[in-house]
Amino acid sequence: MEYNLDQARLWFRDTLPATRIDGFITNRDLLILDNGDSYVYQTTGWIKVTNPLKGEDGVNGEPGIQGQKGDQGIQGIQGEVGPQGPAGSGTGSVNVGFVRWVTTAAELNSAWAGVASGTVRSIHLAADITLTQSLVLPANYNRILEIDGHGGKLIIPSSISAGIKRSYNSLSEANAGIDCQLRIKNVIFESSSRVNNAIDVQATYGSKIEGCRFSNFATAIKGGWTMGTIIDQCFFWENNISIDLDYARFTGGSNSASQSNHSIISNCKFRHSAGQFGAIKATAVSGLVIHHNIFEGVQAGPQYEVYFDDGGSNVVKEFTCYGNHVEQQPSIAAFYIRLKDGFAYCGGIYSQYDCTLIKFEGAGYGKCIVENIPYLTTGTKFENVSSAGRWKFINVPATFLITDATKWVGTPPINSAMDGWQTNGQSNYLQGTTIK
């Protein structure tokens, strides 16, 4: 039978008595034996209870005392990677994968040996370092190599001919390394003698040099068969030549087979003085673009700011130079352009002092297009070297006339053209143009 324990009193005995226990209330109290059996007493005698019902919940007791600490649980799942921690204070090199941090010349030389063995692809300066030897790029290295100075210096003594260098004996040898891409940034290259070079390499395609500084070199950056090179936001101080892009003159190379074509020089600052050659020298470079640079320093400047020579190449047909500022007086010309045939575009110039702004030599009817120059000093002149050269002026100051001999060094060119503006009313006019 089932039994409700809400009002029951509990009694305990070893065995079941024959009669009712004195004080034991019939149909309410519960007798529990040692063997676990439970009984109630009714008028007919003891009745075994098979399923005593639970009474109402009592009031919660006070919390027990804290139990002992359990055993260590199993390890949880790996969490997400946290943010980069602060830089450490150690001074030794750090080697992680292809990356090497260097603080001494010995560490740099060791890292450079890793470039040759294929274990290093990225070198970072953590201190100013004076080189003890040239960093010679392996002849067969044709992968990406990163050098980040983080504002640190590479000081190159006069006893070392070039800081970073590579050369070949022949075009067939150079083919093994032509796919090399240098990524050089945030390095300050320093010399003191103006007899050596900072970077002097052959056979690269798609290299980029950005945010670097170069001072007191014979040539800061010299490239031969360095195709598609980008030089951007660099500073150059008091080098004889800051950038020299040439064709590699090894066996099998030529002005049409080993050129530094499709290169770009942009957003750089050049500071030169009298007696130096100039900021940029380019020979037989097809597709060269020079734009948005500043040429400054003392008023008496170098021979040239930009010297472009097609080198007699049959495949160099164009040159673009635009948006540059000339803030000194070069001794020969701010921009010298020699182009056998094709088109040279030179415009967007701001020139601060009287000088020969453009000197042009077009041996085979090469054309010099001068455009979008809003201001010319009263003493600004142009120079035409060959009678075969042709000039066209577009959007220059209205006071400039192509027939004014005082604006030319030597004899003015023939068959020049003008798309300009009249001084009276600023109406547009064409001159030297035949409508066919």
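**Pocket, core and sheet: how do we know?**

The largest pocket of this predicted model holds about 160 Å³ of space.

Q: Which residues line the largest pocket closest to its centre?
A: There are 13 lining residues, and the closest to the centre are Asp200, Val201, Gln202, Lys222 and Gly224. As for elements, β17 (197–205) and β20 (219–227) are the ones that give two or more residues to the lining.

Q: How do the residues of that lining divide into nonpolar, polar and charged?
A: You get three nonpolar, four polar and six charged. Asp200 and Lys222 belong to the lining, and Asp and Lys both count as charged. Gly224 is in the lining too, and Gly goes with the polar group.

Q: Why is Asn239 called buried?
A: The cut-off for buried is under 20% relative accessible area. Asn239 comes in at 0%, so it counts as buried. In the chain, you'll find Asn239 in the loop between β22 (235–237) and β23 (241–246).

Q: What makes Arg194 a contact of Asn239?
A: Contact takes heavy atoms within 4.5 Å. Arg194 is on the contact list of Asn239, which leaves aside neighbours within four places in sequence.

Q: Why does Phe270 count as buried?
A: Again, buried means under 20%. Phe270 has a relative accessible area of 0%, so Phe270 is buried. Its place is in strand β25 (residues 269–271). Not counting residues up to four places away in sequence, Phe270 touches Phe236, Ser242, Ile243, Ile265, Ala279, Ile280, Asn293, Ile294, Phe295 and Glu296.

Q: How far apart are Phe270 and Asn239 in sequence and in space?
A: Along the chain they sit 31 residues apart, while C-alpha to C-alpha the gap is 9.1 Å.

Q: What makes β2 and β5 edge strands?
A: Start with the open sheet of four strands, which has the order β2-β3-β4-β5 and mixed pairing. β2 (10–13) and β5 (45–49) each pair on one side only, and that makes them the edge strands. From one strand to the next, the twist averages 35 degrees.

Q: How do you know that β4 pairs with β5?
A: Pairing needs at least two bridges between the strands. Strand β4 (residues 38–42) is joined to β5 by five bridges, and the two run antiparallel. For a spot to look at, find Gln42, which stands opposite Gly45 in β5. In general, strands of a sheet pair through backbone hydrogen bonds, either parallel or antiparallel.

Note on methods:
Residues numbered from 1 in each chain as written. Predicted model: local features only at pLDDT ≥ 70, side-chain atom pairs only at ≥ 80, totals over all residues. Heavy atoms only, no water. Buried < 20%, exposed > 50% of the residue type's maximum accessible area, 1.4 Å probe, protein only. 1 Å grid on protein atoms, 1.4 Å probe; cavity = no way out; pocket = protein on both sides within 12 Å on 5 of 7 lines; lining within 4 Å. Points joined across faces, edges and corners; volume = space filled by probe spheres on them. Axes fitted to C-alpha atoms, helices over the stretch in contact; angles between N-to-C directions.
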